[in-house]
Every structure is written in structure tokens, then in C-alpha cells.
Amino acid sequence: MSDGRRTGAERVGIDELLERVRAGFDRMGPHEAAEAAACGALLVDIRYAALRDRDGLIPGALVVERNELEWRLDPRGSHRAPEAVSHDLRVVVVCNEGYASSLAVASLRQLGLHRATDLIGGFQAWRAAGLPVDD
């Protein structure tokens, strides 16, 4: 259309978008993510403060609010976290239930963080698997 609006054929719903995004990378289960972290991967918790306060934290995870994620993990960025040392860094993004993290990974991959992935089921799956949580 010439007025800038998308046609119905170009629109996608969130479920389709998630499916497309997730097809581009291998996601991790809780135990696989814990093993990756033990081998040097960076777990990044993007949950908002109220959820972290309510449910606790994954020990050793870097907490980065979702709206700051790209700025904090871009190795070339002026606001990068000290942990963001390379585009080769293995990053596992953790949200509450594993939805927002998939979209966040797509964004990180656009920045060149080609080893970024996310945790299937998010923090809730981590906790349900009996993995460590700090209150």
C-alpha cells in the first residue's frame, strides 16, 4: 500500500513471530542452561524488579532490565556491561516464562551476538527444575 500501512498478508501475530524467531536458534532447557553457565555462558535475567523481588534470582546471573538489554550487551556499546566482552559471548537470556526472552534474543542476534539463546520456560522452569535460586 502506498500509505505505509501493511497489507494483511504482511502482518503476523505474536505466536507466528515467536515461531519464526525461535526457528533461528536452539533454545536451552534449565539444566542445559545451568551447565552452559558453569562453562562460562552469561545468564542474563531480564525480568522486571517486581518478579525478581517476588521469586528471587538465579545466582550469578546478570540482571539487566529488558529496555536496557541491547545497550548493556553490545560489546561495542558505550553503555556495555563489563561482561559484554565479545560478539562470541555465549548469552542465555532469562525472562519469567520464556516468551519475552525469545524476542530479546532476536534483537541481540541482530547486534551480532550470534551465540545468544534463551531459557525454555524462563525463570519459572529454572525454579521448577530445582536449580538454585537466591531469595
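The legends below describe close-up views of a predicted model.

Residues are numbered from 1 along each chain as its sequence is written, and side-chain values use heavy atoms, with hydrogens and water left out. Because the model is predicted, local features need pLDDT of at least 70 and side-chain atom pairs count only at pLDDT 80 or more, whereas totals for chains, interfaces and linings use all residues.

**View 1**
Four strands form an open sheet in the order β2-β1-β3-β4, with parallel pairing. Its edge strands, each pairing on one side only, are β2 (62-63) and β4 (117-118). Strands (E, at least two residues) and helices (H or I, at least four residues) are DSSP runs numbered from the N terminus, and two strands pair if DSSP finds at least two bridges between them. Strand β1, residues 42-45, pairs with β2 in the parallel sense over two bridges. The pairing of β1 with β3, also parallel, runs over four bridges.

**View 1. Strand β1 and the crossover that follows.**
Asp45 stands opposite Val63 in β2, and in β3 the bridge partner of Asp45 is Val94. In a regular strand the side chains alternate between the two faces of the sheet. Leu42 and Val44 point one way from β1, while Leu43 and Asp45 point the other way, and all are buried; buried means under 20% relative accessible area, exposed over 50%, and partly exposed in between (1.4 Å probe, protein chains only). From β1 the chain passes through helix α3 (residues 49-55) to β2 in a right-handed β-α-β crossover. Such a crossover is called right-handed if, with the strands pointing away from the viewer, the path from the first strand over the helix to the second runs clockwise.

The buried residues of α5 are Ser101, Ser102, Ala104, Val105, Ser107 and Leu108. Their cover includes α1 (14-22), α4, β3 and β4. Leaving aside neighbours within four places in sequence, Leu108 is in contact (heavy atoms within 4.5 Å) with Leu69, Glu70, Leu73, Val91, Val93, Leu113 and Ala116. Gly112 follows α5 and has a positive phi, near 100°.

**View 2. The nonpolar cores.**
A nonpolar core is a set of buried Ala, Val, Leu, Ile, Met, Phe, Trp, Tyr and Cys residues joined through side-chain atoms within 4.5 Å. The largest has 20 residues, of which Val44, Ile46, Leu69, Leu73, Val91, Val93 and Leu108 touch the most other members. At least two residues of this core come from each of β1, α4 (69-73), β3 and α5. The greatest contribution is that of α5, with three residues. Another core lies apart from it and has 13 residues, including Ala33, Ala41, Phe123 and Leu131.

Arg47 lies in the loop between β1 and α3 and is buried, with a relative accessible area of 2%. Not counting residues up to four places away in sequence, Arg47 touches Arg52, Asp55, Gly56, Leu57, Glu65, Val94, Cys95, Asn96 and Phe123. The C-alpha atoms of Arg47 and Arg115 are separated by 21 Å, with the two residues 68 apart along the chain.

**View 3. Two cysteines.**
Cys39 is exposed, with a relative accessible area of 67%, whereas Cys95 is buried, at 6%. The structure holds zero disulfides, a disulfide being a pair of cysteine sulfur atoms within 2.5 Å.
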